[in-house]
Amino acid sequence: SLRSNEQQWTAFRSSGHCVVLAGPGSGKTRTLVTKLGSLLRADVQPPFRVACLTFSRQCVREIRNRVREHATSVDGRLVVSTVHAFCLAHVLRPYLHLTDLHPSDFKIAAEREVEKLKNEAAREAGLSKWGPDLDSLRRNSVGRRFGDPVALNTRAQSNAINKFENGLRKRNRLDFDSVVHLSLSLLREHAWARAGLGARFPAIA
């Protein structure tokens with residue numbers, strides 16, 4: 001029982017925004033699954049849904065299995081997904097018309113295509129190649145609008161990132177990092193889109 005662990009019980013009983021920081025084997029998943037079951041039984045009724053987001057498909061499978069073991073009836077009301085898949089399905093595709101991408105032939109770029117575009121952009125910006133430092137800069141500047149200049153780095157790095165993102169847009173493509181960037185931009189810039197997402201998913205874990 002979670003009651004026997006004060007920290008787990010506090011996390012379970014929390015309302016509103018809650019961040020749980022704990023190491024492996026500390027009971028995070030058990031606490032989360034118990035919380036999900038409670039939300040589905042008592043707080044979120046059809047047609048509304050609960051979303052549980054994680055960073056890997058392995059974690060998605062684990063949480064789904066744990067929910068089944070917990071004997072929680074979800075009736076399609078629980079969406080367990082990776083962050084990227086959720087952004088794509090519930091933010092980008094419904095609101096793609098608000099961007100300069102075209103729904104008719106929009107795709108996620110293949111890994112080989114992404115690597116080619118990255119290295120071409122790096123060379124055009126005067127760099128020898130696209131390195132992990134450029135990926136980190138893009139991810140750490142997630143608050144900017146997709147395609148906007150990246151600050152706090154060299155001009156060559158900024159140019160390489162902008163050339164890469166422009167290359168994606170010209171091909172009507174996004175890479176996985178762009179999926180998160182553009183989704184965040186859409187939700188920040190359009191209050192009605194935020195409200196729509198919040199209405200469909202009153203609880204996101």
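## Sheet, salt bridges and a charged patch

Three strands make an open, parallel-paired sheet in the order β2-β1-β5. Its edge strands are β2 and β5 (203–204), each of which pairs on one side only. The model is predicted. Strands of a sheet pair through backbone hydrogen bonds, either parallel or antiparallel.

**The β1–β2 pairing**

Strand β1 (residues 50–54) runs parallel to β2, and five bridges join the two. V50 has L78 of β2 as its bridge partner. C52 stands opposite V80 in β2.

How many of the residues of strand β2 (residues 78–82) are buried? Five of the five are, so the strand is largely enclosed by the rest of the structure. In a regular strand the side chains alternate between the two faces of the sheet. In β2, L78, V80 and T82 lie on one side. V79 and S81 lie on the other. Residues on both sides are buried, and both faces of the strand are covered. β2 is thus an edge strand that pairs on one side only, yet its five residues are buried.

**Salt bridges across the chain**

The structure holds seven salt bridges.

| Pair | Distance, N to O |
|---|---|
| R169 and D100 | 3.3 Å |
| R173 and E113 | 4.0 Å |
| D177 and R139 | 3.1 Å |

Take the R169 and D100 salt bridge. R169 lies in helix α7, while D100 is in the loop between α4 (83–95) and β3 (107–108), so the pair ties together parts that are 69 residues apart in sequence. R169 is partly exposed, at a relative accessible area of 23%.

Next comes the salt bridge of R173 with E113. R173 belongs to strand β4 and E113 to helix α5 (residues 111–124); the pair links distant parts of the chain, 60 residues apart. Are its two ends buried or exposed? R173 counts as buried, because its relative accessibility is 17% and the cut-off for buried is under 20%. E113 counts as partly exposed, at 25% relative accessibility.

Which parts does it tie together? D177 sits in helix α8 (residues 176–189) and R139 in helix α6 (residues 132–140), so this pair connects parts 38 residues apart in sequence. D177 counts as buried, at 13% relative accessibility. R139 counts as partly exposed, at 48%.

There is also a network: R138, E165 and D175 are joined into one by salt bridges that share partners.

**The positive patch**

Which residues form the positive surface patch? They are K116, K163, K170 and R171. R171 is placed in the loop between α7 (155–170) and β4 (173–174). R171 is partly exposed, with a relative accessible area of 38%.

**In brief**

β2 is largely enclosed by the rest of the structure and pairs with β1 over five bridges. The positive patch includes R171, in the loop between α7 and β4.

Key: Residues numbered from 1 in each chain as written. Predicted model: local features only at pLDDT ≥ 70, side-chain atom pairs only at ≥ 80, totals over all residues. Heavy atoms only, no water. Patch = residues over 30% accessible without salt bridge, like charges linked within 9 Å, V, L, I, M, F, W, Y side chains within 5 Å. Areas by Shrake-Rupley, 256 points an atom, 1.4 Å probe, with all protein chains shown as cover. Salt bridge = Lys/Arg side-chain N within 4 Å of Asp/Glu carboxyl O. Lys, Arg positive; Asp, Glu negative; His and termini not counted. Charge placed at Lys NZ, Arg CZ, Asp CG, Glu CD. Helix = DSSP H or I, 4+ residues; strand = E, 2+ residues; numbered from the N terminus. Buried < 20%, exposed > 50% of the residue type's maximum accessible area, 1.4 Å probe, protein only. Pairing = 2+ DSSP bridges.
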